[in-house]
Amino acid sequence: MTEHGFMVVIPARMASSRLPGKPLIAIAGRPLIAHVVARARESAARQVIVASDDERVLEAARQAGAEARWTPADLPSGTDRIAAVAAEEGWSDATCVVNLQGDEPLTPGSLLDELASLLERHPGADMATLGVPIRAVGDLHDPNQVKLVTDASGRALYFSRAPIPWDREAHRLGQAPDLSLARRHLGLYAYRAGFLRRLTAEPPARLERLEQLEQLRALALGAWIQVGSVDLGVPPGVDTPEDVERLEALMGATVRV
């Protein structure tokens with residue numbers, strides 16, 4: 001890490017379209033946001049801040065050991081919430097800011113460290129993110145699991161809800177596709193604060209609106225997104241009531257606090 005370390009900001013919005021009140025949903029006896037804060041505090045972050053438009057979420061974050069910052073309800077995305085915190089804190093353009101989504105309670109803190117280190121190792125990069133191998137054909141075709149492809153140096157080429165890369169020959173022959181290059185995108189980012197400001201100053205890009213993926217705005221701006229590969233079984237986050245049941249069963253058995 002740099003001498004100034006890195007910051008983690010967790011955007012947490014109450015008005016989720018698919019799961020209203022998501023940050024405060026109880027899982028294994030604690031609010032979802034408390035589990036996410038606990039994962040962030042496992043990292044080497046200099047600060048862990050929850051950004052929300054709801055005082056109940058902010059209070060739960062404080063009780064879990066995070067700092068809390070109120071952000072306006074009309075901000076269009078979690079990225080905008082993080083940018084608002086960066087502006088309020090007065091962070092320099094070079095400050096590394098890690099975005100941990102408020103619905104990712106099973107993300108190890110070590111991944112946040114790896115993400116910040118990845119950005120530091122690539123001084124020309126604007127952002128960094130992570131991908132994990134896809135080993136099941138069903139996951140490749142699941143639109144809720146975002147896929148990514150990179151160049152040979154690990155720089156992101158594209159992100160999509162569609163199955164990429166597409167194994168045309170296997171499809172033609174009715175065979176199982178080659179999954180050796182298939183990766184699922186983990187919804188984790190490290191930004192340089194200066195680029196974060198630039199990103200949120202721009203309107204959504206056409207591809208971003210089409211796929212409903214914010215990272216496509218960065219690519220549309222010509223950003224360098226460095227992708228690191230990890231081989232960990234990090235499950236998708238919480239988006240549906242079924243996800244809550246799955247996590248309740250999993251975390252109820254072995255709760256990390």
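Which residue's side chain does a polar contact of 2.7 Å join to the side chain of D54? The partner is R56; a polar contact is a pair of N or O atoms within 3.5 Å, where, within protein, one atom must be able to donate a hydrogen and the other to accept it, and residues adjacent in sequence count only if both atoms are side-chain atoms.

The model is predicted, and local features need pLDDT of at least 70, side-chain atom pairs count only at pLDDT 80 or more, and totals for chains, interfaces and linings use all residues. Residues are numbered from 1 along each chain as its sequence is written, and side-chain values use heavy atoms, with hydrogens and water left out.

**Around D54**

D54 sits in the loop between β4 and α2 (55-63). Helices (H or I, at least four residues) and strands (E, at least two) are DSSP runs, numbered from the N terminus. With a relative accessible area of 13%, D54 is buried. Buried means under 20% relative accessible area, exposed over 50%, and partly exposed in between (1.4 Å probe, protein chains only). Leaving aside its neighbours within four places in sequence, D54 is in contact (heavy atoms within 4.5 Å) with M14 and W70.

**Strand β1 and the cores**

In β1, 7 of the 7 residues are buried, so the strand is largely enclosed by the rest of the structure. F6, V8, I10 and A12 point one way, while M7, V9 and P11 point the other way. Strands pair if DSSP finds at least two bridges between them. β1 runs parallel to β6, joined by 4 bridges, and F6 has C96 as its bridge partner there. β1 also runs parallel to β4, joined by 6 bridges, and in β4 the bridge partner of M7 is Q47.

A nonpolar core is a set of buried Ala, Val, Leu, Ile, Met, Phe, Trp, Tyr and Cys residues joined through side-chain atoms within 4.5 Å. The largest one has 44 residues, of which V8, I10, V50 and V98 touch the most other members. Another core, of 28 residues, lies apart from it, and M7, L148, L199 and A223 are among its residues.

**Helix α3**

Helix α3 (residues 78-89) has 12 residues and, at 1.5 Å a residue, should span 16 Å; its end C-alpha atoms are 17 Å apart, which agrees. The expected span is 1.5 Å times one less than the number of residues. At the start of α3, a side-chain oxygen of S77 comes to within 3.3 Å of the backbone nitrogen of T79. Just after the helix, G90 takes a positive phi of about 70 degrees. Buried residues of α3 include I82 and V85, and the buried residues of this helix pack against elements including β1 (6-12) and α7 (193-201).

**Salt bridges**

There are 13 salt bridges in the structure, each a side-chain nitrogen of Lys or Arg within 4 Å of a carboxyl oxygen of Asp or Glu. The table gives some of them.

| Pair | Closest N and O atoms |
|---|---|
| D103 and K22 | 2.9 Å apart |
| R39 and E42 | 2.9 Å apart |
| R121 and E114 | 3.2 Å apart |

D103 lies in the loop between β6 and α4 (109-121) and K22 in the loop between β1 and β2 (26-27), 81 residues apart. D103 and K22 are both buried. R39 is buried, at 0% relative accessible area, whereas E42 is partly exposed at 39%. R121 is partly exposed at 46%, and E114 is partly exposed at 28%. E55, E59 and R62 are linked in a network of salt bridges.
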